[in-house]
Amino acid sequence: EHDSKEAVKPFGLPVPEGRHVATAEEAAKAAAAIGFPVALKGSGVAHKTEAGAVKLNLKSEAEVLDAAKAMAGVAKGYLVEKMAAKPVAELIVGALRDPVAGPVLTIGAGGILVELMDDSAIITLPTTKADIAKAIDGLKITKLLNGYRGQAKGDIAALVDAVHAAGEFVIAKADDIEELDINPLMVLPEGQGVVAADALVRMRV
């Protein structure tokens with residue numbers, strides 16, 4: 001995950017400030033340096049949540065140390081990250097290599113809504129920001145982004161930029177990339193941007 005985030009960052013995809021460390025003690029020190037609250041994730045674990053290798057909103061070095069020790073059995077090192085603010089909505093951005101069309105982007109409702117809402121759009125690459133905005137506008141989750149029932153509006157401009165950045169990354173790595181999966185891409189209130197809270201890049205072997 002850490003390597004994947006480092007790979008997409010130069011293309012303009014915002015990722016949380018984070019540090020990759022080897023031990024529980026180093027995780028506690030890194031958390032203090034980043035500033036609380038933090039998220040702690042065990043490295044080298046495929047389904048982190050099911051394996052108990054994700055702990056969110058940790059507010060002290062002691063909490064980080066305890067959480068890291070608890071997941072020491074499954075984790076090969078730790079990723080300590082600054083917690084993102086509460087998002088307006090969570091989306092998923094993915095890319096797959098289509099045998100006919102080449103690389104395509106999918107965008108849709110992310111986080112826990114992926115299974116609940118059949119809500120996604122496919123964007124062929126290369127694409128424009130206008131096409132991305134149109135695709136987002138056709139999603140059901142756009143109701144949330146537009147300020148559902150008096151809630152804050154999401155930063156749609158930053159979302160369009162982030163999806164465009166993901167597309168540019170996929171085009172640049174088209175020969176080598178097998179899959180890109182950003183879930184969730186957290187859309188913060190208007191003016192506050194977006195954060196790729198989790199990213200996975202799989203290269204062709």
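**Close-up views of backbone geometry**

N57 is found in strand β3, residues 54–58. The model is predicted: local features need pLDDT of at least 70, side-chain atom pairs count only at pLDDT 80 or more, and totals for chains, interfaces and linings use all residues. Residues are numbered from 1 along each chain as its sequence is written, and side-chain values use heavy atoms, with hydrogens and water left out.

**View 1. N57, a positive phi in strand β3.** N57 is not a glycine, yet its phi is positive, at about 60°. The residue is partly exposed, with a relative accessible area of 37%. Buried means under 20% relative accessible area, exposed over 50%, and partly exposed in between (1.4 Å probe, protein chains only). Strands (E, at least two residues) and helices (H or I, at least four) are DSSP runs, numbered from the N terminus.

**View 2. R149, a positive phi in a loop.** The loop runs between α6 (142–145) and α7 (156–172). R149 is a residue other than glycine, and its phi is positive, near 50°. R149 counts as exposed, at 73% relative accessibility.

**View 3. The cis peptide bond from F36 to P37.** Omega is near -5° for this bond. P37 is found in the loop between α2 (24–34) and β2 (38–42).

**View 4. The cis peptide bond from N183 to P184.** Here omega is near 0°. Where is P184 placed? P184 is in strand β8, which covers residues 177–187.
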